[in-house]
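Please look over the sequence and the structure shown below.

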Amino acid sequence: MTYVVTDACIKCKYMDCVEVCPVDCFYEGENMLVINPSECIDCGVCEPECPAEAILPDTESGLEQWLELNAKFSAEWPNLTTKKDSPEDADEFKGVDGKFEKFFSPEPGDGD
């Protein structure tokens, strides 16, 4: 099992999860974070920290595309080990449906 970041993170990019991760398995894209499934130790401390409820265990049904997306982009995006400020408009996008189709960017973030 591993945890995955879903589209609920897009445009919110809260980073409370990064702060508590004991193995630094988060990677930063332009407008979302992903988890490297090979590095995640399944501890689960990140899940309750996410204000957008974007982090879920991959054992939940229907998360296959998110596991693939997390694996793909964690190999391309820079590692993030310290919490940064979320976007100023993050709260406006919290809970918005269809964010992947509307807002996803494959561009990398800055990382550490």
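In what order do the three strands of the open sheet lie? The model shown here is a predicted one, and in it the order is β3-β2-β5, with antiparallel pairing. Strands of a sheet pair through backbone hydrogen bonds, and the pairing can be parallel or antiparallel. The edge strands, β3 and β5 (79-80), each pair on one side only. Between β2 and β3 there are three bridges, in the antiparallel sense.

Next comes the nonpolar core. The largest one has 33 residues. Those with the most contacts inside this core are V5, F26, M32, L33, I35 and I55. Which elements give two or more residues to it? They are the strands β1 (3-5), β2 (26-28) and β3 (33-35), together with the helices α1 (16-20), α2 (64-74) and α3 (90-93).

Neighbours within four places in sequence are left aside here. I35 is then in contact with T2, Y3, V4 and V5, with C25 and F26, with C40, C46 and I55, and with N70, A71 and S74.

How much space is left empty inside? Rolling a probe the size of a water molecule over the atoms shows where empty space remains. The count comes to one cavity of 30 Å³ or more. The volume of the largest cavity is about 70 Å³. Of the 14 residues that line the largest cavity, the closest to its centre are C21, C25, C40, C43 and C46.

Last, the backbone. Most residues other than glycine have a negative phi. K11 has a positive phi, near 70°, and is not a glycine. This residue lies in the loop between β1 and α1. D24 is not a glycine either, and its phi is positive at about 55°. The place of D24 is the loop between α1 and β2. Are these two residues buried, partly exposed or exposed? K11 has a relative accessible area of 25%, so it counts as partly exposed. D24 is partly exposed too, because its relative accessibility is 30%.

Definitions and conventions
Residues are numbered from 1 along each chain as its sequence is written. This is a predicted model: local features need pLDDT of at least 70, side-chain atom pairs count only at pLDDT 80 or more; totals for chains, interfaces and linings use all residues. Side-chain values use heavy atoms; hydrogens and water are left out. A nonpolar core is a set of buried Ala, Val, Leu, Ile, Met, Phe, Trp, Tyr and Cys residues joined through side-chain atoms within 4.5 Å. Buried means under 20% relative accessible area, exposed over 50%, partly exposed in between (1.4 Å probe, protein chains only). Helices (H or I, at least four residues) and strands (E, at least two) are DSSP runs, numbered from the N terminus. Contact means heavy atoms within 4.5 Å. Two strands pair if DSSP finds at least two bridges between them. On a 1 Å grid over the protein atoms alone, a cavity is a set of points where a 1.4 Å probe fits but cannot get out, and a pocket is an open set with protein on both sides within 12 Å along at least five of seven lines; lining residues have an atom within 4 Å of a point. Grid points are joined across faces, edges and corners, and a volume is the space filled by probe spheres set on the points.
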